[in-house]
Amino acid sequence: MRAVLLAGAAMIGVGGFAVAAGAQAPAGLPPTLTEGTLVTRPLGPSPAIVNDNNNTYAAAKPGPFANPTPGTIVVHINGRVNAGFKSIWSSADQRLFTAPAGSPGGPTIPAGAATSTATALGTNGVGPAKLAPDALYSYARIYLGADAMATNGLRYGAGIEIRENFSGEPSGASASASSSLQTLFVRRAFTYLAGDQWGLVRLGQADGLISLFDNGVTTTQFLPTNNLQNGDDFAMLTPTNASVPFFFASGTGSEYANTKAVYLSPQIVGFDFGFQYAPNTSNGFGIGGGNNAINASLTGSGIGTGITCSVATTGCPTLSSGPGVLDGSRILNQTAIGVRYQGSLGDVGLLAYGVYEFSGHANFTGLTTASFLGNTVAGTTYNGKYDGLNFGNAGIALTYAGFTVGANVIGGRVNGLLSLTPQGGAPEVAYMVGVKYTAGPLVVGVSAEHGDYQGSVNLTGITQRRGSAIDFGLGYTVAPGYQVYAEYQYQTIYQGDFNFITNAPGSGANNTIKSQGLLLGNVVNF
């Protein structure tokens with residue numbers, strides 16, 4: 001029976017085994033099927049991601065996943081579990097908290113009160129709030145991919161990344177409450193076509209030129225935590241206001257989570273060029289008419305207005321104009337062009353790239369009064385309108401005898417991490433440097449970033465923000481697919497007249513916020 005099943009149906013391989021109806025698997029360790037289990041080689045020390053050696057270049061490269069041959073498809077089903085201990089302190093760890101009137105834990109609103117500000121605070125509506133620095137953390141990710149080749153040599157395939165979403169944890173002592181509120185969601189989902197002679201086309205919720213060209217190399221991302229990158233473990237475990245943006249976009253959700261088309265040319269003497277286009281920053285989940293409009297200004301939470309987008313509505317993901325206070329900050333027609341070089345100078349490996357990115361923006365049609373814009377700061381020039389993206393990004397990395405030295409710079413009309421700059425706002429200029437050393441299973445390194453950018457739009461024309469961060473890390477591959485790591489990070493952010501504790505512009509208090517901490521963890525890729 002086992003022989004009949006293997007010969008008469010498509011045999012699915014995990015970790016890079018080829019599958020084809022009636023075709024033989026390529027040479028390598030054969031799968032051993034026993035009561036639903038599959039014995040195969042570990043994935044190796046590299047993180048399991050959907051950007052593999054078959055779908056990131058016009059010509060397939062050797063790598064952890066087998067290259068398809070004519071008439072075959074390589075299916076890989078991989079996972080990643082990261083768990084560790086964190087100890088992080090920040091200026092946002094404690095404050096005097098006042099629950100909004102009428103909210104759970106807050107004071108009641110007296111009958112006849114015009115506003116909640118007329119309410120006397122209840123006994124449990126105000127008091128000190130403090131975060132504990134120490135905690136354990138864990139998360140899981142699933143990576144699915146298919147790389148195929150037609151009999152005429154056309155390569156094609158798809159990639160999917162599924163993540164674990166933490167949306168809160170109920171209060172209570174029961175075991176069920178401790179499980180927290182979690183869902184699985186799709187982070188990347190794309191298809192691709194490729195030919196050695198004409199290039200690679202990727203379409204879907206996937207990485208743009210910056211992420212594909214850099215791949216974490218010039219930005220010195222060498223640990224499973226991704227070091228300084230937004231979305232890294234430190235950013236997830238640190239209060240939002242105490243985290244410096246990762247200005248350089250490489251590998252961040254802001255760069256890859258929207259649906260886009262990307263073209264990469266064949267490499268010629270080490271050079272290739274690329275082009276990307278996205279009509280907006282939405283993805284497949286946001287376009288449907290039954291979805292809620294998203295506009296943090298209307299809810300204070302950013303989770304949706306509760307109004308569906310079956311007709312044109314402020315906050316709709318595909319909005320081209322609208323009266324909502326954040327409607328003008330929506331990116332339209334996001335476009336990027338770039339060039340990359342990969343090669344060597346004698347014994348020194350070289351990676352260098354440059355990307356120019358620009359966009360339009362939705363037209364703001366609402367009121368420009370200070371009360372509507374949430375702006376009470378005298379002298380500001382903020383009017384609810386924004387400039388489109390217009391910036392350049394470049395990186396370079398040199399590798400010799402186990403050492404890799406990288407540098408990256410970004411500058412122009414962008415505010416933090418791929419957000420639009422308000423009209424009249426300060427431009428962004430940010431740079432980072434890093435170095436890592438690899439010796440067999442050991443990797444150790446340091447990276448640092450600094451950026452000046454507008455920050456709070458309500459302080460346009462008054463002040464701008466600056467942030468700096470430094471990261472030290474060490475990783476050790478104990479066995480293929482199993483790595484342990486230690487990391488220390490320090491961050492500081494400053495903007496005059498902005499209170500980072502209350503998010504209030506026009507305040508002289510808490511204008512500087514700092515954080516630092518240590519992570520000790522282990523990760524298994526399979």
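Biologist: Which residue is the bridge partner of V409 in β19?
Modeller: That's Y431. Before we go on, this is a predicted model, where local features need pLDDT of at least 70, side-chain atom pairs count only at pLDDT 80 or more, and totals for chains, interfaces and linings use all residues. Residues are numbered from 1 along each chain as its sequence is written, and side-chain values use heavy atoms, leaving out hydrogens and water.

Biologist: What makes β18 and β19 a pair?
Modeller: Strands pair if DSSP finds at least two bridges between them. Strand β18 (residues 403–413) and strand β19 (residues 428–439) have 10, and they run antiparallel. So they pass the cut-off of at least two.

Biologist: And what joins β19 to β20?
Modeller: 11 bridges, again antiparallel, with β20 covering residues 442–453. Y437 stands opposite V444 in β20. The two strands form a hairpin with 2 residues between them, and G440 in the turn has a positive phi of about 60°.

Biologist: How many helices and strands does the protein have?
Modeller: 7 helices and 25 strands. Both are DSSP runs, numbered from the N terminus: helices are H or I with at least four residues, strands are E with at least two.

Biologist: Why is the contact between D196 and R155 called a salt bridge?
Modeller: The term needs a side-chain nitrogen of Lys or Arg within 4 Å of a carboxyl oxygen of Asp or Glu. Here the closest N and O atoms are 3.4 Å apart, so the pair qualifies. D196 lies in the loop between β9 and β10 and R155 in strand β8, so the pair ties together parts that are 41 residues apart in sequence.

Biologist: Which side chain meets D207 in a salt bridge?
Modeller: R188, at 2.8 Å from N to O. D207 lies in the loop between β10 and α2 and R188 in strand β9, so the pair ties together parts that are 19 residues apart in sequence. Both D207 and R188 are buried. Salt bridges that share partners join E161, R163, R188, R202 and D207 into one network.

How values were computed. Buried < 20%, exposed > 50% of the residue type's maximum accessible area, 1.4 Å probe, protein only.
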